[in-house]
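I opened my notebook to look up a few spots in a structure. Here is what I went through.

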Amino acid sequence: MTAADTSAQRRLYALLLLTVFIHMAFSGSRITLALFALMELKTSALTVGALISLLAALPMFFSVQAGRWTDRVGVWRPMVYGAGALTVGTVLAAALPQLATLFVSSCLIGSGFMLFHIAVNHAFGTLGAPERRSKNFGLLALAFSVSNFVGPAMVGFAIDGLGYRATFVLLSGCACLALVALLWRRFDAGRAAPDSAAGKRHLSDLLKSRTLRRVFVVSAVLSMAWDAFSFIVPVYAAQDLKLSASAIGLILGVFGSAIFFVRLVFPWLVHRVTEWQMLLYALFSSAVCLALFPLIHTVQLLVGLAFLLGIGLGGAQPMIMSLLYSRAPPGRTGEAVGLRTLLLNISQTGIPLMFGALGTALGMAPVFWAMAAAMAAGGWYAMPARAAAKPPPA
């Protein structure tokens, strides 16, 4: 291993640790904001929904601009500003625990995480040799899985033992640690190559590439499946199947464990399947699982379907990022990541509202089948890219 490779690997592991702390602050804040508003301030469920939607709704409007900024200045400054916004948002919630303050905190926390998320994905695409890109994104996805478990678990114990304000202080400490580390050790990983058309940037330029169009469509469809599963399974299991909270938690927990498992074995997997092979498996397996869900009424089989769904969706995200980085025009990788973030935020904001309305009008089974049809259509749309893809290196 060369000195440059060693240096890149050290930066990669440092960024993984920073990502865990930042995402712990974000995922923990999401739960603490909702519970504090609902349980402590006694607000309505509609108010809580509006509060949490701001985590994704506001960043949705400037994620593309944030990606372009990352292309121009590199990843360090967006990471610093993102960690700083997360710190300020959580400190504000602890200092002034009022509903109006929580709305401001939600905007700051969501916007800060969006900045960091775009920048850290950009950084992982540049660290090391190009053939390591899929592995890098697999490690990043694993870090998000770890923090997605640790953050909510930490928050649950902290709220019960210390109270809401102390929990916000704890979350601000996670974000502040990352901020101090970034300020202490500046690095230049992630600056994009210059773009000859930098003065005339239009989103339509990114969509001229047939491969990029397919990546964006597949990313949006898979994100819809993830958000739909997280939203409609608890509703369906509680209202239609009358399952207990522990059974519902088991189904969702197995889904999360499958995501963690596939990301843990990702370095082995990436040598055996191509990006498009993994994406097609995710799309068609998700279609089958979602179509079967309303036809099954036993917890054991539902757990099995949740595990298969988690394997597909968990393995798809690193492959999408690898394709996005390799196919984006020179100097516009951050902008491409920003456009994908825009699509994710639209999904996170609109899916609960859209499927909630559809489920109320027609029942939950048509919701599952509509999503299954969308997954199958996405797989059909992606198949030409699979035919053109090269096999993975031996």
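Which backbone oxygen does the side chain of Asn136 reach? I looked it up in the model, which is predicted. The side chain of Asn136 reaches the backbone oxygen of Phe124, at 3.3 Å.

**Entry: around Asn136**

I placed Asn136 first. Asn136 lies in helix H6, which covers residues 133-162. The relative accessible area of Asn136 is 1%. The cut-off for buried is under 20%, so Asn136 counts as buried. I also listed its contacts, leaving out residues up to four places away in sequence. Asn136 touches Leu12, Phe124 and Leu127.

**Entry: H3 against H4**

I turned to a helix pair. Two packed helices are described by the angle and the distance between their axes. Helix H3 spans residues 63-73 and helix H4 spans residues 76-95. Their axes come within 8 Å and cross at roughly 130°. H3 and H4 are therefore oblique to each other.

Which residues meet there? From H3 I noted Trp69, Thr70 and Val73. From H4 I noted Arg77, Pro78 and Tyr81. The residues of this contact divide into four nonpolar, one polar and one charged.

**Entry: Val91**

I stayed on H4 for one more residue. Val91 lies in helix H4. Val91 has a relative accessible area of 42%, so I wrote it down as partly exposed. I then looked up its distance to Ser172. Val91 and Ser172 are 81 residues apart in sequence. In space they are 5.9 Å apart, C-alpha to C-alpha.

Key
Residues numbered from 1 in each chain as written. Predicted model: local features only at pLDDT ≥ 70, side-chain atom pairs only at ≥ 80, totals over all residues. Heavy atoms only, no water. Axes fitted to C-alpha atoms, helices over the stretch in contact; angles between N-to-C directions. Helix = DSSP H or I, 4+ residues; strand = E, 2+ residues; numbered from the N terminus. Parallel < 35°, antiparallel > 145°, perpendicular 65-115°, else oblique. Contact = heavy atoms within 4.5 Å. Nonpolar A, V, L, I, M, F, W, Y, C, P; charged D, E, K, R; others polar. Buried < 20%, exposed > 50% of the residue type's maximum accessible area, 1.4 Å probe, protein only. Polar contact = N/O pair within 3.5 Å; in protein donor to acceptor, adjacent residues only side chain to side chain.
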